[in-house]
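Here is a short briefing on one protein chain. Keep the viewer open while reading.

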Amino acid sequence: MTRIVAGVAGGRRIDVPRSGTRPTSERVREALFGRLEHYGVVDGARVLDLCAGSGALGLEAASRGATDVTLVDAARPAAQICQANTRALGLKGVRTVTAKVAAFLAGPAGAPVDLVLIDPPYDVDETGVLAMLEPLARTEDPWLAPGAVIALERSTRSPEPSWPQGLRRFSEKRYGETAVWFAEPDVAENSENAETPGE
């Protein structure tokens with residue numbers, strides 16, 4: 001059983017796809033969101049949940065006060081589960097997009113986001129992970145707001161992701177078999193191209 005850990009939907013159960021996903025455990029989500037709330041990037045935030053699966057991460061963010069959450073998954077069954085979970089929880093400001101992550105990120109960003117949650121299947125190789133990270137580092141029509149945080153979940157057996165120019169890894173936490181890498185826009189690298197560097 002998978003449940004939302006805290007917030008307005010805390011304790012509520014959500015459905016997960018029958019196959020092809022690996023929902024983040026409640027223990028890891030609790031620890032992860034405790035850290036993200038410490039960083040100040042959840043309440044009132046715009047959030048992307050990439051490789052969303054059941055939507056557990058993005059819905060956790062919405063439950064804890066994120067105001068705009070986009071769940072992205074390439075698999076139609078997963079996207080349908082995301083939509084059903086959103087309706088069942090009655091959370092506002094959540095939308096689901098059925099698309100491959102790289103294709104979605106190649107499109108227009110709209111308003112920059114404060115938090116990006118990425119939990120790719122463990123069989124996605126490092127090249128595939130880098131393809132998700134590179135569009136997040138762009139400075140024209142940027143995806144990331146100043147001070148945004150990327151939280152990337154991987155197996156502890158996976159190497160550290162290759163961070164593209166424009167992103168800087170600032171922390172890593174391990175929870176059992178799960179590693180979470182935290183990154184942010186690299187202001188020093190981006191400031192030469194940006195009109196107003198982030199603080």
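The face of helix 3 turned away from its buried side carries three exposed residues: Arg76, Pro77 and Arg87. The model is a predicted one. The points below take up the helix, then the cores, then the chain as a whole.

**Helix 3**

- Helix 3 covers residues 76–89, and its 14 residues should span 20 Å at 1.5 Å a residue. Its end C-alpha atoms are 20 Å apart, which agrees.
- The buried residues of helix 3 are Ala78, Ala79, Ile81, Cys82, Asn85, Thr86 and Leu89.
- Down the helix axis, these buried residues fall within an arc of 160 degrees, so they line one face of helix 3.
- An α-helix has 3.6 residues a turn, so residues three or four places apart point the same way.
- Gly90 follows helix 3, and its phi is positive, near 70 degrees.

**Nonpolar cores**

- In soluble globular proteins, nonpolar side chains tend to be buried together.
- The largest nonpolar core here has 31 residues. Leu32, Phe33, Leu36, Val47, Leu115 and Leu117 have the most contacts inside it.
- Each of these elements supplies at least two residues of this core: helix 1 (26–39), helix 2, strand 4, helix 3, strand 6 (113–118), strand 7 (144–155) and strand 9 (178–185).
- Helix 2 gives the most to this core, with 5 residues.
- A second, separate core has 29 residues, among them Cys51, Val113, Leu144 and Trp163.
- Which residues does Leu32 contact, leaving aside its neighbours within four places in sequence? They are Leu57, Ala151, Tyr175, Val180 and Phe182.

**The chain as a whole**

- The secondary structure comes to 6 helices and 9 strands.
- The radius of gyration is 16 Å, close to the 16 Å that the globule rule gives for 199 residues, so the chain is as compact as a globular protein of that length.
- Along its principal axes, the C-alpha trace spans about 45 × 35 × 30 Å.
- Buried residues make up 48% of the 199 in the chain.
- Among contacts with a separation of 6 or more, 66% join residues 24 or more positions apart.
- The accessible surface comes to about 9500 Å², and carbon and sulfur atoms account for 47% of it.

Terms used: Residues are numbered from 1 along each chain as its sequence is written. This is a predicted model: local features need pLDDT of at least 70, side-chain atom pairs count only at pLDDT 80 or more; totals for chains, interfaces and linings use all residues. Side-chain values use heavy atoms; hydrogens and water are left out. Helices (H or I, at least four residues) and strands (E, at least two) are DSSP runs, numbered from the N terminus. The expected span of a helix is 1.5 Å times one less than its number of residues. Buried means under 20% relative accessible area, exposed over 50%, partly exposed in between (1.4 Å probe, protein chains only). The arc is that of the directions from the helix axis to the C-beta atoms. A nonpolar core is a set of buried Ala, Val, Leu, Ile, Met, Phe, Trp, Tyr and Cys residues joined through side-chain atoms within 4.5 Å. Contact means heavy atoms within 4.5 Å. The radius of gyration is taken over C-alpha atoms; the globule rule is 2.2 Å times the number of residues to the power 0.38. Accessible areas come from the Shrake-Rupley method with a 1.4 Å probe; for residues, only the protein chains shown count as cover.
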